[in-house]
Amino acid sequence: MVYAVTALLECSAAAIDGASSQKDDDDEIISDEEREEREIVQAFNVAYDALNTNAFLDGGVEGSDLSNLVNGGNMTGTTGLGAGIRLAMTLQKNIMSTARNLIDRNSIIRLNHFRYAYLQCSARASAASSSSVVTPESRSSDSKNYHVFAKPLVLTRLAHFLMDVHRENGKWTGTKARPLVLLAEKPRSNTYMVVGYEYPEEAGNVVRNKFGQNFELAAKSMRGTFWFDSFDSNVVEVAGKDVQRFIEQLHYMMESV
């Protein structure tokens, strides 16, 4: 259930429905920022309704009967937990395929204090960075408006999966251990979602994530546009024109500490 609800929260209705129009239902022209805010609210409402087991008992909406859903139920609807489960499965497939692409193409760059990789969903942005990977959803017609990995939780899950794989195969352990920074393109706003991920070298250990402080210091040391709007301090949104310089400043700042 947790994965289903999280998937409903992380994926906008536009992505689910494949919509790419620049107008809302009332044909009102709105900005990309306002559209994103509306999609966040709509995604929250969809996830909340999926958990509200008493709201649609008469209407028979999928998800209203958790016992039936767990036992098989109707998994073909477009709302409720069934839709969330299918969406969570799609997200996990994207995470695994994108991780494989990053590894196979050697797209994860190692610096002295961290590793980083770009995730693009447009051919133009990918061409600008030879080490980037174009993610699977970039092949869809609405890729110019939406990128599934430009969400903090999904991007963090990808980072966790990559760390887990490389810890198990021993390639990112010992002196080769580094935290990971992932940068996902947000083509709608021409920005990048950046997540810094710390991972213990051994299972069961706890490490403090210092990227919140490091991101803030790197942003203060340069001119650029940044948004620290996430609940997690290790997440920052950076303007596309400033993102490479931001990574360089982060490296120089951590080098000097």
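Which elements do the buried residues of α9 pack against? They pack against β2, β4, β5, α8 (211-220), β6 (226-227) and β7. This is a predicted model, where local features need pLDDT of at least 70, side-chain atom pairs count only at pLDDT 80 or more, and totals for chains, interfaces and linings use all residues. Residues are numbered from 1 along each chain as its sequence is written, and side-chain values use heavy atoms, with hydrogens and water left out.

**Confidence**

- The chain has a mean pLDDT (the predictor's confidence in each residue, from 0 to 100) of 75, and 69% of its residues reach 70 or more.
- Helices (H or I, at least four residues) and strands (E, at least two) are DSSP runs, numbered from the N terminus.
- Where pLDDT is low, the predicted coordinates should not be read in detail.

**The nonpolar cores**

- A nonpolar core is a set of buried Ala, Val, Leu, Ile, Met, Phe, Trp, Tyr and Cys residues joined through side-chain atoms within 4.5 Å.
- Buried means under 20% relative accessible area, exposed over 50%, and partly exposed in between (1.4 Å probe, protein chains only).
- The largest nonpolar core holds 34 residues, and F149, L155, L158, L162, L180 and L182 have the most contacts inside it.
- Elements giving two or more residues to this core include α1 (2-10), α3 (32-51), α5 (80-104) and α7 (152-168); α5 gives the most, seven residues.
- Leaving aside residues up to four places away in sequence, L155 touches L119, F149, L182, A184, M193 and V195.

**Helix α7**

- With 17 residues, α7 reaches 24 Å from its first C-alpha to its last, close to the 24 Å expected at 1.5 Å a residue (1.5 Å times one less than the number of residues).
- Its buried residues include P152, L155, L158, L162 and H166, and their cover includes α1, α5, β2, β4, β5 and β7 (235-239).
- After α7 comes G170, with a positive phi near 80°.

**Helix α9**

- Helix α9 (residues 243-256) has 14 residues, so it should span 20 Å at 1.5 Å a residue; its end C-alpha atoms are 20 Å apart, which agrees.
- Among its buried residues are V243, F246, L250 and M254.

How values were computed: Contact = heavy atoms within 4.5 Å.
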